[in-house]
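Hi there,

Here is the structure I promised to pass along. Have a look at it first, and then read on for the notes below.

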Amino acid sequence: MAANEAPGGPGQLAGEVDTDAGARGAIYALLAAAFDQPDEELYRAIDTGAFRDEVAALVDRTDLDVEVPDFETDDDYEKLCARYNDLFVIGFSEVVDATDGTMAHEEPPVSLYESSHRPEVSWNDVNLDLARAYEYFGCQVDQDERDNHDHLQLQLEFMGYLCRREAAVDPDVAAARLDFQDRHLRVISEAVADALAAEPGTEFYGDLGEFLDDFTAADVEDLAARREGGGSA
C-alpha cells in the first residue's frame, strides 16, 4: 500500500512523537509482513527468534497488556512456504463428473479476505467502504501488486500508517483508528484467528493468528476507553 505524505509535511509534525502509537504502528507493519508469502529474510527472523524479540520489544513500548507467543517454527524455509500456501492460498479441487469435466473447488481453509468471512455483506460493499477509507487518508493499493482492498495484509498496512500518523502528525486520528477497527480490522482479525485455531498443524501461523486477535482486541479496548474518558479517541 502506498501512502501520500500526511498534511502539514515534515516541518509541521507534532511537537512530541507519541512512542506508544508509533510502536503499535510498527507492530501492525510486522503483522502485515508476516501474513505475506514468507521470504528468506522473514524465515531467518522467525527461526532465530529475532521476530519474537522485535515484537516483544515493541509491545513493551505500548500501554497494552498483550502476551507475546513463542512464534517458533520447526520448519525449514521450503516447508514454511508450503504451510503458508496450504493455509492461505491453495484450495482443494476435484473432478465430480468425469463425463463433462465438472470440477468442485473449495477455498483455502483460512481466507485472508474480509468479505469471505461476512456472507451477510456483499463483496462490493466491503471493498468500496475500504477503498473510501484508504482514499480519505491519501492511501492507495499498490498497482504493481494489486489485490482486493479487503485483504488482511492491506488492512494491517493501513492501520500501521494510521498509527504512525497519530504518533507524529495528528493525535485525533485515534478516532478513525477505532472506527476502522470496529468496521473492518477486528472483524477479519477475529475470523482469521478462529479459522486458524480450527486447523491442525498451524505452528507459527497459529501463534500469529492468536497474537493478531489479542493485539487488535487490546488496541480497540484502549481506544474505546480513551474515548469514553474524554481522550483523543
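Let me start with Asp150, which is buried but has no salt bridge. The nearest side chain of opposite charge belongs to Arg118, and that is 8.6 Å away. Please keep in mind that this is a predicted model.

So where does Asp150 sit? Asp150 is in the loop between β4 (139-140) and α6 (152-168). Leaving out residues up to four places away in sequence, Asp150 touches Leu112, Tyr113, Glu114, Ser115, Trp123, Val126, Asn127, Leu130, Gln155 and Ile188.

One of its members, Asp76, is located in the loop between α3 (50-60) and α4 (77-89). Asp76 has a relative accessible area of 42%, so it counts as partly exposed.

Two other residues may interest you. Gly201 belongs to the loop between α7 (173-197) and α8 (204-228). Because its relative accessibility is 51%, Gly201 counts as exposed. Gly201 and Arg83 are 118 residues apart in sequence, while their C-alpha atoms are 8.7 Å apart in space.

Glu210 is part of helix α8. With a relative accessible area of 45%, Glu210 is partly exposed. The C-alpha atom of Glu210 is 5.7 Å from that of Ala193, and the two residues are 17 apart along the chain.

Best wishes

Technical notes. Residues numbered from 1 in each chain as written. Predicted model: local features only at pLDDT ≥ 70, side-chain atom pairs only at ≥ 80, totals over all residues. Heavy atoms only, no water. Helix = DSSP H or I, 4+ residues; strand = E, 2+ residues; numbered from the N terminus. Buried < 20%, exposed > 50% of the residue type's maximum accessible area, 1.4 Å probe, protein only. Lys, Arg positive; Asp, Glu negative; His and termini not counted. Salt bridge = Lys/Arg side-chain N within 4 Å of Asp/Glu carboxyl O. Contact = heavy atoms within 4.5 Å.
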